[in-house]
Amino acid sequence: MNKYNILIGDDHVLILNALKEFLMQLPLVESVDVSQTRADILMNLTRKNYQIAFLDLHFGQTDGRNLAQEILKQYPDITLAVLSSFDGAPPVTCPRCAHMARRRGAVYCSCAISTCNCACR
């Protein structure tokens, strides 16, 4: 049975810790590493062969969409899941934002329409 190495990139410590804790309980997960900055994500990617990466769409000062594109260009075999959240907003998927993320290689994108400040606006 193949086990997966997973990388999580998010600027919110609570999200990083909760997702890591959840994923480490799954029997198919070998390891979960976390990164809070663009530089850490790119450094981690050079150190281990990750099969899956979770990436925050609105990642501090970094545009997660551009970072996703950069990651997929260098690591085309990685499965990239884009995630995002906004304080106080309902989790409603913005179709244009989701389409843009999927065009760049993400497997799923969720953002809150009421506060989405991405290029789809």
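1. Y4 lies in strand β1, which spans residues 4-9; strands here are DSSP runs of E with at least two residues, helices are runs of H or I with at least four, and both are numbered from the N terminus. The model is a predicted one, in which local features need pLDDT of at least 70, side-chain atom pairs count only at pLDDT 80 or more, and totals for chains, interfaces and linings use all residues. Residues are numbered from 1 along each chain as its sequence is written, and side-chain values use heavy atoms, with hydrogens and water left out.

2. The relative accessible area of Y4 is 32%, so Y4 is partly exposed (buried means under 20%, exposed over 50%, partly exposed in between; 1.4 Å probe, protein chains only). Together with M1 and L28, Y4 forms a nonpolar patch on the surface, with about 340 Å² of accessible area in total.

3. Helix α3 covers residues 64-74, and its buried residues are G64, R65, L67, A68, I71 and L72. They sit on the same side of α3 because they cover an arc of only 160° around the axis (the arc is taken from the directions from the helix axis to the C-beta atoms). The exposed residues K73 and Q74 are carried on the face of α3 turned away from its buried side.

4. E70 also belongs to helix α3. With a relative accessibility of 27%, E70 counts as partly exposed. Leaving aside residues up to four places away in sequence, E70 touches R38 and L42 (contact means heavy atoms within 4.5 Å). E70 and L42 are 28 residues apart along the chain, and their C-alpha atoms are separated by 9.5 Å.

Technical notes:
Patch = residues over 30% accessible without salt bridge, like charges linked within 9 Å, V, L, I, M, F, W, Y side chains within 5 Å. Areas by Shrake-Rupley, 256 points an atom, 1.4 Å probe, with all protein chains shown as cover. Salt bridge = Lys/Arg side-chain N within 4 Å of Asp/Glu carboxyl O.
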